[in-house]
Amino acid sequence: MRRELVKGDLPALVLGVLSIRPLHGYGIAREVKLLSDNALVMKEATLYSALRALEQDGLIVGEWHPQEKGADRKVYTLTEAGANEARKRTQELKDYAALLRKILEKLDAGKSEPKGIGHAQTT
Amino acid sequence: MHKQLEDYLTEVGRQLSSLPKPRFDDELNEMRQHILSAVIANQELGQSEETAVANAIEKFGTPEEVVTNVLWAWRRHLWQVNKKLFSKMAGIWSLFYVFTLLTSAHTPSQQGRVFLFWASTITVFALFMLVPHYFRMRTQSPLPSSL
């Protein structure tokens, strides 16, 4: 199953990936792809607007690093505020995932025992 | 390979020409580095040079998608800068209002006092309401649909 990354989840994922180690933009995209076993799809251009927004909010810092081969590369690192925000947002995502699972389980249980509005009442 | 990539970046750069040069250079350099990394990765998977570049560019996004995202981030930055500037200006405008009220209270003629009172009230009201609204309209926009 492949699905498009939901609007709003990308910054949290970026913070989560950068909490492991500093990375450049392509590295972050590759890491998200690897972590999801190629299931999550994103247009890579959206990654950079998320990185800019996180930089502006002071959660990450981007620095150009010279490379042995080729041009300089911009590597992003979490700030202290970013590390705190990463923990907070990943917890929110986990809570949200748990809530969705709970709702879906109840829906499955409801399908197996039909009752309530919409069903004909016998007299 | 480089021609296809350079044509793509030239088109993106053309649409981003309104950005300040340091920001423009930063964005284009980062895009170039990203796409080149993707091309290398694609070639390692056995793709030909031309296919690798085409796939890397497609994965990155169309010029329109790229420009939408870059400009969204730039406008967000401008809004944050303007918001800070506005907060500082609000203090100065408040002092200006108090000053004009005091001046109008000491104006000899009744008409002068009324005129100064309403002129200063309307001016400060306009500054507080219209300027941030103007900046908000110019700098904030809905998130790009692909974000």
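Over all chains, the count comes to 14 salt bridges, a salt bridge being a side-chain nitrogen of Lys or Arg within 4 Å of a carboxyl oxygen of Asp or Glu. The model is predicted, so local features need pLDDT of at least 70 and side-chain atom pairs count only at pLDDT 80 or more, while totals for chains, interfaces and linings use all residues. Residues are numbered from 1 along each chain as its sequence is written, chains are lettered from A in the order in which they are written, and side-chain values use heavy atoms, with hydrogens and water left out.

**View 1. A salt bridge within chain A joins A:Lys74 and A:Glu55.** The N to O distance is 3.7 Å. Here the pair links distant parts of the chain, 19 residues apart: A:Lys74 lies in strand β5 (residues 73-78) and A:Glu55 in helix α3 (residues 44-56) of chain A. Helices (H or I, at least four residues) and strands (E, at least two) are DSSP runs, numbered from the N terminus.

**View 2. Chain A meets chain B.** On the chain A side, 24 residues are in contact (heavy atoms within 4.5 Å) with 26 residues of chain B. Together the chains bury about 2,400 Å², 50% of it on carbon and sulfur atoms; this is the accessible area (1.4 Å probe) that two parts lose on being put together, summed over both. Across this interface there are 5 salt bridges. Look, too, for B:Glu27 and A:Arg52, whose side chains form a salt bridge at 2.8 Å, N to O.

**View 3. Helix α1 (residues 2-15) of chain B packs with helix α3 (residues 49-60) of chain B, their axes coming within 9 Å.** The axes cross at roughly 20°, and α1(B) and α3(B) are therefore roughly parallel (angles under 35 degrees). Axes are lines fitted to C-alpha atoms, for helices over the stretch in contact, with angles from 0 to 180 degrees between N-to-C directions. From α1(B), B:Gln4, B:Leu5 and B:Tyr8 touch B:Glu50, B:Val53, B:Ala54, B:Ile57 and B:Phe60 of α3(B).

**View 4. The axes of α1(B) and helix α4 (residues 63-105) of chain B also come within 9 Å.**

Conventions. Parallel < 35°, antiparallel > 145°, perpendicular 65-115°, else oblique.
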